[in-house]
Amino acid sequence: MLLQALAQVFDPYVLWVILASAAFGLFVGAVPGLTATMATALLVPVTFFMEPVPAIASIVTATAMAIFAGDIPSCLLRMPGTPASAAYTDEAYAMTKKGQGELALGAGLVFSVIGGLFGTAVLIMAAPALAEVALKFSSFEYFWLVVLGLLCAVFIAFANPLKGIVSLLLGLLIASVGLDNPAGFPRFTFGNAELAGGLTLIPIMIGMFAVSEIIRSVSRIDEPWEMAQAKIGNVFRGMGALTLRYKLPVLRGSVLGTAIGVLPGAGADIAAWMSYALSKKFSKEPEKFGTGHVEGIIEAGASNNSALAGAWVPALVFGIPGDSITAIVIGVLYIKGLNPGPSIFMENAVAIYAIFMVFILANLLMLPLGIAAIKSAKQLLRAPRDVLMPVILLFCIVGSFAINNSIFGVVLMLVFGVIAYLMEENGFPVAPAILGMVLGAMLEEHFIRAMIRADGNFLVFFERPIAAGLAIAAFGIVLWPVGAWLWRRSRSAH
Amino acid sequence: MLRLAILVIAFAALPAVAQEKIGKPVRLVIGFAPGGSVDLVARIVAERLAPRLGQPVLVENRPGGFVRVAIDAVRSAAPDGTTLLLTSSTPLVVTPHAYAKMPYDAQRDLVSVARLVNGQQGFALGPMSGARSWPEYVAWLKANPDKAFFASSGVGSMGHLVGVVLANTSGLRIEHVAYKGSGQYNAELLGGQVSAGISGIADASEFHRTGKLRIVATSGAERSRALPDVPTFKELGVPMDLSLWYGVFAPAGTPSAIVELLGRELVAVVGAPDLTERFINLGLDPAAAGPKAAAETLASDYARWRPIVQQAGFKLD
Amino acid sequence: MPGQRFGPAWFPGSIAAGLAVCGGLLIFSGLRRASPWVALPDWVHRRRPLLGVGSVVAGLLFYILAADTLGFYITGIVLLAFWMQILGASWRMAAVVAVVATVAIHLSFYKILRIPLPWGLFEQWAF
C-alpha cells in the first residue's frame, strides 16, 4: 500500500504539479496582500481537472511555500506577505538593518522546514487521537485561548506596554466594525455597504506595515539608503550551530504550532504570534528581542509551518476545518469524492498515505526553492530606491485591491498607512493592532456564545478543566510580573 | 424584394444576437467564506459555466451580515451580466420579514436568472444526548432542560428559523446558539458540547453516513433524495414545510437578452447528469429553472414566508 | 436579540472604555514630562522629503479616484512614472520601468491569479 502511494506521488505529472504549485505559492506568499488562503482558493478551479492526489499535492505545496514566502518581504522590506509573518516582521527587519538579513531569512527557512516536518510527523502518527482532544474545545476554551493570544501582544510591545495596549485595543475596535458579529447588528457602518463588510485585515496590514514604511523611507530620502547587506552566501552556514543552541525554542514552537493548528478555527497566524511571545518569555536573553535577535524568528517560523500541518488533523479525521485553508481543502476533497472523516482512512488509505508523502516532499522542497527565492529577492532589491519604491507601492495597491476586488481596500491601505506612520512616530507599536484585528472577532464570538451557554454566569468559564487551565495561564501571565514587581519592591524596602 | 427584406431583417437581428455575448469575465459573488456548501456549488457551477460563456467565471467571496454584503455588492454593480449573485433563497425571502428595516429588496434590486437546486435543513443529533431518534431526543430534552440548546450556522439562517418554528409547534423549550459557519458547529456537536444542530443537510450528511452524527428529521415537505431513510418533521407529527433553494441573480436593469442567455446556460450546467449525483451527495436536489420560473418562485416564496416568520415570532432587530 | 444579555454594543463599549483609561494614563504621563501637545517631525521643513511623502499620498488618492475610469494600465503607468520622477529617477528609466512593471503586474495578476484589475478606457480591448 505504501508502495502504491509512493508510485502515485512520484509520478512525473504529480511532481510537475508540485513544482509548479511551489512556484505559485512562493509568488503569492511573497507579494504583500496575497495570502496562503487566497492561493488555495485560486487553485480550486485548477484542481477540478486533476486526480485527487495531484490536486491535494498542489494545495499542500503551494500553502507551505506561501507561508514561508511571506517572510521574505517581511524581513527585507518590513512588509509582511502574510499575517503570520507580521508577528516577527519588526524583529526580522531589525536584523536586516544590522546586515544580518541572510541569517534571518535562512533561519526562517530552515526552521520553517523543521516545523513543517514536525507537524507532518504528528499528523501522520497521531491524527485521530489529537482530533478527539480538539473536539473537547468549546467556546469556553477558545475564549481563554484568545485571551492568552491577546496577552501575548502585551509581551511583544517592548518599550511601552501602555502604548502596546492602546494599539491592541485599537485593533480590537477596528475588528468590531461591520455586520459580522454575534448579533448580526451593523456597527460603525454608517449605512455604507463597504463598511458593513467590516474592515478587512489584509489591506490594513499592508497599509500599516508597507505604506507607513514607504512614507518613512521617503521622508528620509535625503539620507543615504542603507540596504547594508552582506552578500548572501551559504544560507545554511551556521544553521547547525543555531539548531543546537536553540533546540528548545524549535521544539516549543513546533509543538505549540501543531497544537494550535489542530484546533479548528485557529491557524498559522495565531500560532506565530503566540510562539513569538513565548519565545521572548522563556528566552535567556529577552532583552535582545526587538533589536534584531534570531531566536524569536526561529520559534515563530517553526510554529507557523507546523500549524499548517496541524490544521489537517481535524480536516482529515473529521472533515472539520483546522484553518481557513483546510476549509477550502475539505470542499475540494468532497468534490473529488474523497470524503474526509473516519471513512477516508479505511476506504482511501492509499490516498492518505500519498497526501502524507506530499507533505514531507513539500517541506523538503522548500529548502532549495526557498534559497532560490531568497537569492532572487536579494537581487531584485538591489535596484535603486527611486525605482523600487514606486513598483513596490503599486504591488501593494494591487494586493489591497485583490482581497475583495474592491477599491475600498486601497482606501483602507492609504488611511491606515498614514495612521500607522503617525502611531509609530509617537512610539506606538503597530504589531499589537494587527493581532487585535486577527483575534477581535474570535474574542467576541466565543465570549458571547459561551455566555449564552453559561446563561450569563461568568463563573462557568472556569468550570471546565481545559478552560480552567487556560484561564490560570492567562491570569498567571498577568499577575506574574505584577507579583515579581511587588516582591522586588518589598525586598528593596528592607 | 422579398430577399432584400429578409436580408434587412437578418441584419437588423444581428445586433440583438451580438448583444447576447458577455464580453468580460464574470464574477459570481457569494455571501460566505470559502469552504461551505454555497461556495462549493458556486465553484462547481463556475467551472462548468465558463466554457459555455467563453469567459472566465470567477467566484468572489464576500462574507458578512448573512449575505447582506454580497447582495449589496451585486445590486450596485453594473447591470451587464458580469456580476452575479449565487445565494440560497433565505436572505431574499425569509430574512426580510424578520427585520423591521431592510437595506435591500430582492425583487426590486435584483433580477432572477436561474434556480439551481433545492435544499432542506437536517436536524442532527450529536453524542451528547445519546438519542438516536426524534422521540428519544424529545424525552431527553424534557429530562435535561438546562442543556436545551441547538446550534445553527448563523443568526437569521434557515436553521435558526427552523429551530424557532420547531420550538413553537412542538411546545418544546429549546434555545438557539449561533455559530459562524458549520466548521466549529460540527466540532462542538461531535464533541458533545451541544446536543443538536440544524443546518443544511450537506453540513452533516457525511457524519450521518459514518454514524458520528444522526440526522433524525428534515425540514421539507418530502424526504430528501440524499437521505431517503430520514423522515421529515411532517411525518413525525410536527407540521413543517421549510426548505430553500439556491439561485443566481443579477442586478436589476440587466438586459433581458443577457438574463435569458445566462439562465439558459445555468440550467444546462445544472442539468448535467454527473453533477446531479454530486449535488445529491451534498444534500441538494437539482431543480433547475430559468429566469421566469425563478422569478415566480421568488415572488411566491416571499409572500409565503411572511406569515410563517411572523407567526414564529422570528424577529432579528 | 432575546436571550442575549450582552448586546452588540458591549464589545466596542468595553474597548472604548479601555482606550479611555489608557489614553488618560498616557496623557497624564505626557503632562508629567511636560511634552508639547503636538510636535511636527523635522522633515516637513525640507523640500524633498515633504514633496516625496506628499506625492505618495496624492498618488494613492489619484489611484483610488481614477483607476476605475482610466483603467489600470493608464493609472499604473502614470503613477509609476510620476513617483519615480519625484524620487529622482531619469526620464528614460522612469518611462521604461513604468510600462514594463505595469504590464507585468497586470498580466500576472489577471492571467495567473485571476484578479480582474480595472480595464477603464481600454475596456473594448479587454481579453
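Mentor: Helices here are DSSP runs of H or I with at least four residues, numbered from the N terminus. Keep in mind that this is a predicted model.

Trainee: Ok. Which helix does A:G115 lie in, then?

Mentor: A:G115 is part of helix α8 of chain A.

Trainee: Is A:G115 buried or exposed?

Mentor: Buried: the relative accessible area of A:G115 is 0%, and the cut-off for buried is under 20%.

Trainee: What does A:G115 touch, leaving out residues up to four places away in sequence?

Mentor: A:G115 has contacts with A:S254, A:A302, A:N305 and A:S306. There is also A:N304, 189 residues away in sequence, with its C-alpha 7.7 Å from that of A:G115.

Trainee: At what angle do α7 and α8 of chain A cross?

Mentor: Roughly 140°, and the axes of α7(A), residues 89-97, and α8(A), residues 101-134, come within 6 Å.

Trainee: Switching to aromatics. How many pairs over all chains?

Mentor: The count is 25 aromatic pairs. One of them is A:F447 with A:F458, a tilted pair with 6.4 Å between centres and 50° between planes. A:F447 is in helix α23 of chain A, while A:F458 is in the loop between α23 and α24, 11 residues apart.

Trainee: Are those two buried or exposed?

Mentor: A:F447 is buried at 7% relative accessible area. A:F458 is partly exposed at 34%.

Trainee: What about A:F447 and A:F461?

Mentor: Their ring centres are 5.7 Å apart and the planes lie at 35°, so this pair is tilted. A:F461 is in the loop between α23 and α24 of chain A, 14 residues from A:F447. A:F461 is buried, with a relative accessible area of 0%.

Trainee: Which residues form the aromatic cluster with A:F447?

Mentor: The cluster consists of A:F140, A:F143, A:W144, A:F447, A:F458, A:F461, A:F462 and A:F475.

Trainee: Where does the charged end of A:K163 sit?

Mentor: Over the ring of A:F428, 5.2 Å from the ring centre. In chain B, B:R68 lies over the face of B:Y99, 5.4 Å from the ring centre.

Trainee: Last one, α10 in chain B. What span should that helix have?

Mentor: α10(B), residues 256-271, has 16 residues and should span 22 Å at 1.5 Å a residue. The end C-alpha atoms of α10(B) are 22 Å apart, which agrees. Its buried residues include B:I258, B:L262, B:E265 and B:V269.

Methods: Residues numbered from 1 in each chain as written. Chains lettered and ligands numbered in written order. Predicted model: local features only at pLDDT ≥ 70, side-chain atom pairs only at ≥ 80, totals over all residues. Heavy atoms only, no water. Helix = DSSP H or I, 4+ residues; strand = E, 2+ residues; numbered from the N terminus. Expected span 1.5 Å × (residues − 1). Buried < 20%, exposed > 50% of the residue type's maximum accessible area, 1.4 Å probe, protein only. Phe/Tyr/Trp six-rings, centres within 6.5 Å; stacked < 30°, edge-to-face > 60°. Lys NZ or Arg CZ within 6 Å of the ring centre and 35° of its normal. Axes fitted to C-alpha atoms, helices over the stretch in contact; angles between N-to-C directions. Contact = heavy atoms within 4.5 Å.
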